[in-house]
Amino acid sequence: MNTVMESNRVIIFDTTLRDGEQSPGASMNLNEKLRIAQMLQEMGIDVIEAGFPIASNGDFEAVHGIASIVTDSVVCGLARASHRDIERCAEAIKPARRGRIHTFISTSPLHMEHKLQMAPSDVYAAVIDSVRYARGFTDDVEWSAEDGSRTEHDFLCRCVEAAIASGATTINIPDTVGYSLPDEFAALIRMLFNRVPNIDKAILSVHCHNDLGLAVANSLAAVQAGARQVECTINGLGERAGNAALEEVVMAVRTRHDHLPFTIGVKTEAITKASRLVSAVTGFVVQPNKAIVGANAFAHESGIHQDGMLKHAGTYEIMTPESVGLRASKLVLGKHSGRHAFKEKVRELGYDLGDNAIEDVFRRFKDMADKKKDVFEEDIAALIDDAVVRVNDHVRFVSLEVVCGSRHRPPSAMLELEIDGVAKTATVGGDGPVDAIFVAIRTLFPHDAKLQLFQVHAVTAGSDAQAEVTVRLEEDGKTVNGQGADTDTLVAAARAYVNALNKLLVKRGKTVPLALSV
Ligand code: KIV
Ligand code: ZN
């Protein structure tokens with residue numbers, strides 16, 4: 001066993017903002033990426049892969065912005081094996097206290113022949129050149145063998161050895177297409193430890209995709225075989241079936257420490273909040289029975305289970321809800337609560353809002369408390385999230401009245417919006433109340449974007465719960481997700497559509513990007 005394997009510290013490398021964002025429809029704007037990066041840092045993530053700087057100006061700005069605000073985690077950018085990619089990446093991570101360049105090239109016969117159309121000898125030369133070039137900008141260079149799990153062993157060993165000799169400090173072996181089985185993947189990692197002479201000079205990392213539902217199992221098997229960095233994403237977001245889910249990897253190590261005697265720096269109590277933020281921003285709902293973060297992950301429905309739980313929680317619970325930051329919905333404030341108590345609660349929930357934003361959220365909280373008997377912590381969080389996404393909006397929601405129901409009057413919506421400070425009203429019909437609202441928005445602010453997703457979720461239990469609506473719009477291949485929250489589902493729908501529209505305008509470059517703090 002070499003010195004790297006002897007250390008039992010496993011580095012958690014989060015790629016929600018890079019591989020996660022590559023999921024179709026999961027695009028995030030700069031403001032959202034900065035919020036997620038801040039949350040990842042607070043959670044104790046070791047390395048944040050913030051984006052692929054050469055891919056677009058938006059990606060470059062995100063990596064640069066994250067590198068400017070993150071101080072504790074390493075901030076990483078992705079680059080292909082080309083000087084232009086690496087230069088752009090180096091420029092993007094420049095403000096980082098600790099910045100990493102992650103450069104990659106495919107090494108499998110299939111990828112080299114058909115995707116790269118390069119001979120193995122040229123790929124080998126590119127590995128050496130790209131790692132050396134990247135080392136000219138930073139001491140922290142990661143090299144990945146794309147499609148590593150389908151690469152011939154001799155060639156993989158030669159490339160890994162050359163990458164380390166050229167200065168790579170982390171070597172990542174991706175199971176790019178999620179094809180491996182756990183024992184096979186562990187054997188591959190062991191093979192590298194046995195055959196690559198300088199393997200002890202680098203951290204071995206793995207990056208597993210979930211096409212066969214084995215990404216977490218493969219990652220853990222690799223750790224048992226000596227890998228000491230796991231690349232993963234919140235909620236398992238990522239290309240196709242996604243990447244290894246960070247929350248599953250981390251909780252497996254915490255819960256099965258008897259078999260997985262490794263240490264991880266992640267504060268597991270932040271998992272639920274992180275999962276909800278990523279889900280709200282991307283519009284990717286978490287399936288109810290998803291491990292760790294699904295709505296039912298800690299619910300006990302059957303009588304026999306409930307009886308067992310009352311006698312001893314360990315009968316059916318292998319980890320506590322508190323260990324992932326899940327708390328029973330807490331009744332927090334009522335309509336008589338004052339501004340001071342409200343500010344205290346906002347601070348306790350971990351938000352840092354400016355005076356104007358606090359006033360705005362407090363006003364909406366009072367309106368809500370008039371309509372809704374019980375106001376929970378989740379309600380306040382949803383109101384704040386709703387306010388945060390609306391800073392600097394070009395189009396603002398003002399009011400809505402809707403006619404709908406089963407009688408024979410056609411559904412219609414009377415909507416008032418403020419567009420660049422000018423109030424505009426339209427009353428239009430539609431195929432249903434939601435359609436009428438969206439037609440009204442298109443009437444007041446004509447655009448051709450296509451609606452790709454309309455999704456409603458209740459913030460808490462009960463028929464008076466706030467609705468959180470996600471709307472996804474697509475225009476010229478660009479997608480944006482808008483969110484809106486309100487006790488009235490139709491108002492939430494209008495707010496979500498307007499939010500998506502504002503994001504689209506930012507994407508089109510017609511307005512300036514949103515500021516991070518409110
Ligand atoms: O899946 C993969 O191979 C990747 C690499 C770029 C690391 O995402
Ligand atoms: Zn990947």
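Predicted model: local features only at pLDDT ≥ 70, side-chain atom pairs only at ≥ 80, totals over all residues.
This is a short walk through the structure above, one selection at a time.

Residues are numbered from 1 along each chain as its sequence is written, chains are lettered from A and ligands numbered from 1 in the order in which they are written, and side-chain values use heavy atoms, with hydrogens and water left out.

**Stop 1: ligand 1**

Select ligand 1 and bring up its shell. Around it you'll find Arg18, Asp19, His102, Phe104, Ser144, Glu146, Asn172, Pro174, Thr176, His207 and His209; a residue is in the shell if one of its heavy atoms lies within 4 Å. Colour by class and you get two nonpolar, six polar and three charged residues. For that tally, Ala, Val, Leu, Ile, Met, Phe, Trp, Tyr, Cys and Pro count as nonpolar, Asp, Glu, Lys and Arg as charged, and the others, Gly among them, as polar.

Switch to cartoon for a moment. Strand 4 (99-106), strand 5 (141-146) and strand 6 (170-175) each put at least two residues into this shell. Strands are DSSP runs of E with at least two residues, helices are runs of H or I with at least four, and both are numbered from the N terminus.

Now check the polar contacts (pairs of N or O atoms within 3.5 Å; within protein, one must be able to donate a hydrogen and the other to accept it, and residues adjacent in sequence count only if both atoms are side-chain atoms). The side chain of Thr176 places a polar atom 2.6 Å from an oxygen of ligand 1. Arg18 has a polar side-chain atom 3.0 Å from a ligand 1 oxygen, and for an N or O atom in the His207 side chain the distance is 3.1 Å. Taken alone, ligand 1 exposes 260 Å², and the protein buries 94% of that. Areas come from the Shrake-Rupley method with a 1.4 Å probe, and for residues only the protein chains shown count as cover.

**Stop 2: the zinc ion**

Next, click on ligand 2, the zinc ion. Its protein donors are Asp19 (OD), His207 (NE2) and His209 (NE2), at 2.0 to 2.1 Å. Donors are N, O and S atoms within 2.8 Å of the metal (3.2 Å for Na, K and Ca), and water is not among the atoms, so sites may look incomplete. Along the sequence, the donor spacing reads D-x187-H-x1-H.

The scale is under 20% relative accessible area for buried, over 50% for exposed and partly exposed in between (1.4 Å probe, protein chains only).

**Stop 3: salt bridges**

The whole structure holds 27 salt bridges, each a side-chain nitrogen of Lys or Arg within 4 Å of a carboxyl oxygen of Asp or Glu. Start with Lys115 and Glu146, whose side chains meet at 2.7 Å, N to O. Lys115 sits in helix 5 (residues 109-116) and Glu146 in strand 5, so this pair ties together parts that are 31 residues apart in sequence. Lys115 is partly exposed at 45%, whereas Glu146 is buried at 16%.

Move on to Arg195 and Asp154, bridged at 2.6 Å, N to O. Here Arg195 in helix 8 (residues 182-195) is linked to Asp154 in helix 7 (residues 153-165), 41 residues apart. Arg195 is partly exposed, at 43%.

Then try Asp200 and Lys201, with their closest N and O atoms 3.6 Å apart. Asp200 is partly exposed at 29% and Lys201 exposed at 58%. Elsewhere, shared partners join Arg18, Asp19 and Glu49 into one salt-bridge network.

**Stop 4: positive phi**

Most residues other than glycine have a negative phi. Arg240, though not a glycine, has a positive phi of about 50°. Look for Arg240 in the loop between strand 8 (229-232) and helix 10 (246-255), partly exposed at 47%. Asp420 also has a positive phi, near 50°. Asp420 is in the loop between strand 12 (412-419) and strand 13 (422-429) and is exposed at 52%.

**Stop 5: Asn218**

Finish in helix 9 (residues 215-224), at Asn218. Asn218 is buried, with a relative accessible area of 0%. A polar atom of the Asn218 side chain lies 3.1 Å from the backbone oxygen of Ser180.
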